[in-house]
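Subject: A structure for you to look at

Hello,

Here is the structure I promised to pass on. Please open it beside this email and follow along as you read.

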Amino acid sequence: MKSQEFEDFRKLLLKKRALLLKTDENIDREIKRDLEGRHGDEVDIAESAYEQEMAYLFKSRGKDELRLIEEAIKRIDHGEYGTCAECEGKIAKKRLSAQPYSILCVHCQEESEKTQAGENPAFKS
Ligand SMILES: [Zn+2]
């Protein structure tokens, strides 16, 4: 990969990270406001509890994404970006454009998803 391409992906990742951090802040504010303004009947409380749960869920998902982004930026710094962390094969540029924080090639990603599904009892019938 050319150094210009590394730079482009780094910019893309930094932009994504900034966006995620901003979303994170907004959710924090939302949860706080919800807690402070909590009164009313049981339906209201149940609803806001549900909303909070969703917000927390979204937050933890955002954290995972953030971690992947940080990792990808580190890989750019080490010149490892675009190389599969598992088999050291090349990751298709098309894949990186769609998901700039991929650290596995399509093949290894599929393998790891298969393994995860096998280990997770929720996926078993
Ligand atoms: Zn691979």
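The chain has a mean pLDDT of 84, and 87% of its residues reach 70 or more; pLDDT is the predictor's confidence in each residue, from 0 to 100. This is a predicted model, in which local features need pLDDT of at least 70 and side-chain atom pairs count only at pLDDT 80 or more, while totals for chains, interfaces and linings use all residues. Residues are numbered from 1 along each chain as its sequence is written. Confidence is lowest in H2, at a mean of 83, and highest in helix H3 (residues 93-98), at 92.

First, the overall layout. The chain holds 4 helices and 0 strands, taken from DSSP runs (helices are H or I, at least four residues; strands are E, at least two) and numbered from the N terminus.

How much of the chain is buried? Of its 125 residues, 10% count as buried. A residue is buried if 20 or more other C-beta atoms lie within 10 Å of its own, exposed if 12 or fewer, and partly exposed in between, with C-beta atoms placed from the backbone. H1 is hardly covered, with a buried count of 2 among its 34 residues.

Now look at the largest nonpolar core, which has 10 residues, including Phe9, Leu13, Ile69, Ala72 and Tyr101. Such a core is a set of buried Ala, Val, Leu, Ile, Met, Phe, Trp, Tyr and Cys residues joined through C-beta atoms within 7 Å. Helix H1 (3-36) and helix H2 (42-77) are the elements that give two or more residues to this core.

Leu13, in helix H1, is buried because 21 other C-beta atoms lie within 10 Å. Leaving aside neighbours within four places in sequence, Leu13 is in contact (C-beta atoms, placed from the backbone, within 7 Å) with Ile69, Ala72, Ile73, Pro100 and Tyr101. Phe9, not counting residues up to four places away, touches Ile76, Tyr81, Leu96 and Pro100.

Finally, find Glu88 in the loop between H2 and H3. Glu88 counts as exposed because there are 10 C-beta neighbours inside 10 Å. Its phi is near 65°, a positive value in a residue other than glycine.

Enjoy exploring!

Best wishes

Notes. Contact = placed C-beta atoms within 7 Å.
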